[in-house]
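Q: I have a protein model open on my screen. Please show me how to read it, one feature at a time.

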Amino acid sequence: METKTARTDFVAVGEKWQKIWAETHLAEAPEFPGKKKYFVMPMFAYPSGDIHIGHFRNFSITDAIARKKMMEGYEVMHPFGWDAFGLPAEQAAIKRGLHPEEWTLGNIAVSKATLQTCGILFDWSREVTSCLPDYYRWTQWLFIQLYNRGLAYRKSATVNWCGHCNTVLANEQAEGDMCWLCHNPVGKRELVQWFFKITDYAERLLAGIDTLEGWPENLRTIQRGWIGRSEGVEIDFVLEGSDLKIPVFTTRPDTIFGVTFMTLAPESPLVGQLGISAERRRAVEEYIEQARNKTEIDRTALTEKDGVFTGRYAINPLNGERVQLWIGDYVLASYGTGAVMAVPGHDERDFDFAKKYGLEIKYVINTGRSDDFYRDKPAADPAYGTMMNSGPFDGAVGREAIHKVIEYCEKQGVGRARTNYKIRDWLISRQRYWGCPIPMVHCDSCGIVPVSETDLPVELPRKGIDFLPTGRSPLADAAEYMNTTCPKCGGAAQRDPDTMDTFMCSSWYFLRYTDPKNDRAIFDPKKATAWLPIDMYVGGIEHATGHLIYFRFFTKFLHDLGLLNIDEPDLRMFNHGMVNDAQGQKMSKSKGNVVSPIDLVRQYGPDPVRLAVLFASPSDKEILWSNAGITGTERFLSRADAFIRAAEFGEQVELDRTFPVEQLHESDRTAYLAYHLALKKIDADFERLQFNTHIAAIMELLNAVPADCGSAMQAHLAGNIVRLLAPLAPHVAEEWWSAVLGRGGSIFATGGWPVLDSAAIAAATVTIVCQVNSKVRAQLTIAPDIGREELEQLALAEPKIQKHLEGKKIRQTIIVPRRLINFVVG
C-alpha cells in the first residue's frame with residue numbers, strides 16, 4: 001500500500017488503469033451469460049468527426065450502469081458500434097475531395113481512440129460498423145426476407161424530396177416539412193421507390209407500447225400518436241353516371257345523412273378518373289399545381305381552407321342524394337383513402353369551407369341545442385347525440401348509432417368496418433452513393449428478382465463513382481456495377497441503383513452485438529436468446545418516431561421468422577438530455593462551440609471530467625456546459641483522496657460489516673448512520689440514473705463525518721466511499737482499491753456493491769405516508785430532519801405518486817411533520 005503522503009495523479013491513474021483493463025479484457029462479455037446477465041447499450045454513434053462532450057455524457061451514463069452491474073455480480077454486455085452510412089459522411093467527403101469510406105473509417109479510428117482515452121469501458125470485441133460488407137451483407141439479407149414475405153415492395157409515389165440533399169426522405173425524416181439533416185424545407189416528387197410494409201405491424205406496434213413499462217411515458221405517448229389508430233367505417237360513394245367507387249373513411253358514420261359535399265386530395269389517382277369537363281379542367285389543373293408547391297404542414301395547418309369544384313357529383317349510398325365533388329389540398333392522399341365526406345353541420349373545418357363557398361349545411365345529430373341554433377346555423381356541432389333527419393336511423397344514440405350505421409353499410413354491401421392508422425409504410429430508397437446497396441435485380445424477362453443469398457453482399461463499387469448529388473442515383477451511372485445477370489434466368493439484367501435509408505442499418509445492430517463475428521447467419525438465435533432483451537437502452541427522445549419505431553418493427557419481424565423469442569427489443573429506455581454551450585446554444589462545428597473531451601481528459605484526467613459531466617444536471621435534463629465545473633469536481637476528488645488515504649486500513653477491512661448502532665459511541669454512530677442514509681439515497685438515485693445527486697450524497701457524507709470519528713469507522717467509511725464512487729470515477733477508484741486498500745483484482749470484478757444496513761436506516765429515519773386526496777399511494781423512508789421543500793420533491797419523484805397526479809392540478813399540499821404528506825388535486 002502507498003504511504004499517506006502520496007497524492008493521486010488523476011491523469012496518470014487514468015492512463016494506468018485503461019491499459020490494465022485492456023490487458024485483462026475486463027469489458028469482454030462471455031458468449032453465453034449465466035443466469036445473472038445485464039445488457040446495457042447507448043445508441044451507436046454516427047462518425048461525423050471526433051467524439052464531443054455530448055457523446056461523452058451519454059456514454060458515461062451507460063458506462064456507470066455497466067460498472068455498477070459488474071460490481072453487483074452481473075455478467076455485463078456493454079457493446080459499441082458505428083452507424084457509418086448516410087448523407088453527412090457523403091457530403092463531408094465531397095467537400096474534402098475524399099471517398100466517403102476514407103472519411104468515415106478515419107473518423108471511426110479517431111473517435112474510438114478518444115473513447116478509450118476517456119475510459120469508457122466498451123466491449124470492443126463486439127464492435128460493429130454498418131458500412132463494412134460483413135455487416136451490410138446481413139442488412140441486405142433482411143431486405144430479401146422482407147421481400148420474400150411481401151413486406152418490401154416497389155411503387156410510384158409522391159415522396160418527400162430534399163432539394164438541398166438531393167434525395168428522398170422518409171416521413172419520419174421530414175417532420176414539420178423540414179429535412180432532418182439540413183433543416184431546409186421539404187418538397188414533393190413523384191418517384192418509383194422501395195417501401196417496407198410497416199403498416200402491417202401497426203396494431204402490434206401499438207399494442208406493444210402497453211408492455212413497455214420501462215419506457216418514459218412521454219415517449220410512449222409520442223409513439224401512440226405517431227401510429228395513430230382510428231376505428232370507423234369505409235363507405236363507398238359512387239361517381240354519378242358511372243360505376244366508379246369513391247371510398248371514404250370516417251369515424252363518424254352517424255353523420256352520413258349530413259354529407260353535402262366530398263373533397264379529394266389533389267394527388268389522388270381518382271381525380272384523373274372523374275371525367276372533368278373542359279371548361280373546368282384548367283381551374284382544376286392550376287389548383288393541383290399550386291398544391292404541389294405547398295408543404296404538408298401548410299396544407300393541414302389550422303388556417304382557412306380552399307378548394308376547387310370539379311363539376312362532378314357523387315351519390316350518397318345511404319340516401320341517394322347528389323353531393324358535390326371538390327378537390328382540396330387539406331386532404332392528403334397518404335392518409336385514409338385520400339377522400340373525405342364533408343359534414344359541415346358537425347365538423348368545424350367542413351363548416352368553414354361550406355360557408356366560404358356557399359354550400360349546404362345540414363344538422364343530423366341532436367345534441368339538445370335550441371331550435372334557433374338549428375335554424376340560424378351559426379356553427380358546427382361536433383358532439384355526439386341522437387340521430388335526426390336520418391331516415392330509419394332517427395333516434396339512434398351515440399356509439400350505438402355508429403354501430404347501427406356500420407352494420408347497415410356492411411349488410412347492404414356499401415361499406416365495411418375499418419381500422420385506419422396514421423403511420424405510413426416506410427420509404428427506404430435513397431438516391432445517394434454512401435448507403436447499403438439494395439440487393440435486387442431488374443430483368444426484362446423475370447421482372448424484379450432478389451439477389452441469391454449466396455451472392456451477398458452486393459458491395460458498393462469503390463472506383464469510378466461521381467458522388468455529387470444530382471437527384472439521380474450515382475450508382476445508375478456505374479456500368480460495371482449496374483450490369484449483371486438475372487439470378488433466375490441467367491440473362492442480362494440491371495441492379496437496382498438506389499441505396500437504403502441508413503435507419504435500416506440501425507434497426508437491427510443490437511442483434512448483431514450478440515454474435516458479431518458470425519459469417520454464416522445474421523446471428524445465432526441461441527446467443528440472442530441468452531442476451532436479449534436489452535436491459536437498458538440509452539439515447540435521445542428525438543428518435544421516438546424513427547429508429548425507436550423501426551427497431552421494434554424488426555424485432556417483431558425476426559420473432560415471426562422464428563429467430564427471436566422476444567417481440568420487443570428492450571426492457572427499459574432512458575432518454576438523456578442534450579449538452580449545450582454555456583449560452584444554451586446547441587453545439588455544432590459550424591458555430592465553433594463544440595467541446596472535445598480529449599483535451600480536458602489530458603489536462604485533468606478522465607475522472608474529474610466525467611464527474612463534472614455527471615454532476616452538472618440530472619441525466620435526463622440539458623446541460624449548459626462550462627469547463628469551470630471540472631475545477632469543482634477535481635477539488636472534490638482531491639478531498640475524497642485525502643480522506644481515503646488518511647484511513648488506517650491495516651489488515652483488510654470487512655466493508656460489508658454491520659455495526660450494532662446502540663453500542664457505537666456518538667461520533668461513530670453519527671458517521672455510520674450518515675453513511676447508510678447516503679447509501680440508501682444513492683441506491684435510489686442510481687435506479688433513476690440521477691448521478692448528480694449521487695455525487696452530492698457523497699459530498700454530504702464527507703461533510704457529515706465527525707473529526708473525532710474512530711479509526712475503524714473511518715476505514716469502514718473510506719473503503720465504502722471507494723465503492724460508491726467506482727461507477728462514476730472508475731480510474732481513481734481502482735487506484736484506491738489496489739494501492740490504498742491493498743485489494744487484489746479489479747474493484748469491478750471483486751469489490752461488490754455496498755449492502756444497506758436496515759437497522760441503521762430504521763434508527764436514522766422516519767417513514768412518511770404519501771397520499772393523494774387522502775388515499776395512501778406510497779411511503780418514503782427519510783431522515784427525520786428533512787426540510788419541507790425536499791420532502792415535497794421526494795414525494796413528487798415517486799412513480800406511484802406521479803401516476804395518480806398525471807393530468808391533474810395540485811391545489812394544496814398538506815404536510816404533517818414526521819408522519820405524512822397529502823397532495824390535494826382536482
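Predicted model: local features only at pLDDT ≥ 70, side-chain atom pairs only at ≥ 80, totals over all residues.

Q: How many helices and strands does the protein have?

A: The secondary structure comes to 28 helices and 31 strands. The C-alpha atoms fill a box of roughly 100 × 75 × 50 Å along the principal axes.

Q: What share of the residues counts as buried?

A: Buried means under 20% relative accessible area. Of the 826 residues, 55% count as buried.

Q: Which contacts join residues 24 or more positions apart, and what share do they make up?

A: Take the contacts with a separation of 6 or more. Residues 24 or more positions apart account for 73% of them.

Q: Now a sheet. What is the order of the strands in the open sheet of four?

A: Start with the general idea. Strands of a sheet pair through backbone hydrogen bonds, either parallel or antiparallel. Here the order is 2-1-24-25, and the pairing is parallel. Strand 2 (75–77) and strand 25 (573–575) each have a single partner strand, so one side of each has no neighbour in the sheet. On average, neighbouring strands are turned by 20° against each other, direction ignored.

Q: Which helix packs on the sheet?

A: Helix 2, residues 53–71, does. It touches strand 1 (37–42), strand 2, strand 24 and strand 25. The direction of helix 2 makes about 170° with that of strand 1.

Q: How many bridges join strand 24 and strand 25?

A: Three, in the parallel sense. Strand 24 covers residues 536–539. Look at Tyr 537: its bridge partner in strand 25 is Met 573.

Q: On to the cavities. How many of 30 Å³ or more are found?

A: Again, the idea comes before the case. Rolling a probe the size of a water molecule over the atoms shows where empty space is left. A search of the whole structure finds two cavities of 30 Å³ or more.

Q: Which residues lie nearest the centre of the largest cavity?

A: Gly 86, Leu 87, Arg 430, Asp 501 and Thr 502, out of 16 lining residues. Strand 6 gives the largest share of the lining, three residues. By class, the lining has seven nonpolar, six polar and three charged residues.

Q: What lines the second largest cavity?

A: Its volume is about 50 Å³. The lining residues include His 99, Glu 101, Tyr 433, Trp 434 and Arg 462. By class, six are nonpolar, one is polar and two are charged.

Notes. Residues numbered from 1 in each chain as written. Heavy atoms only, no water. 1 Å grid on protein atoms, 1.4 Å probe; cavity = no way out; pocket = protein on both sides within 12 Å on 5 of 7 lines; lining within 4 Å. Points joined across faces, edges and corners; volume = space filled by probe spheres on them. Helix = DSSP H or I, 4+ residues; strand = E, 2+ residues; numbered from the N terminus. Nonpolar A, V, L, I, M, F, W, Y, C, P; charged D, E, K, R; others polar. Pairing = 2+ DSSP bridges. Axes fitted to C-alpha atoms, helices over the stretch in contact; angles between N-to-C directions. Contact = heavy atoms within 4.5 Å. Buried < 20%, exposed > 50% of the residue type's maximum accessible area, 1.4 Å probe, protein only.
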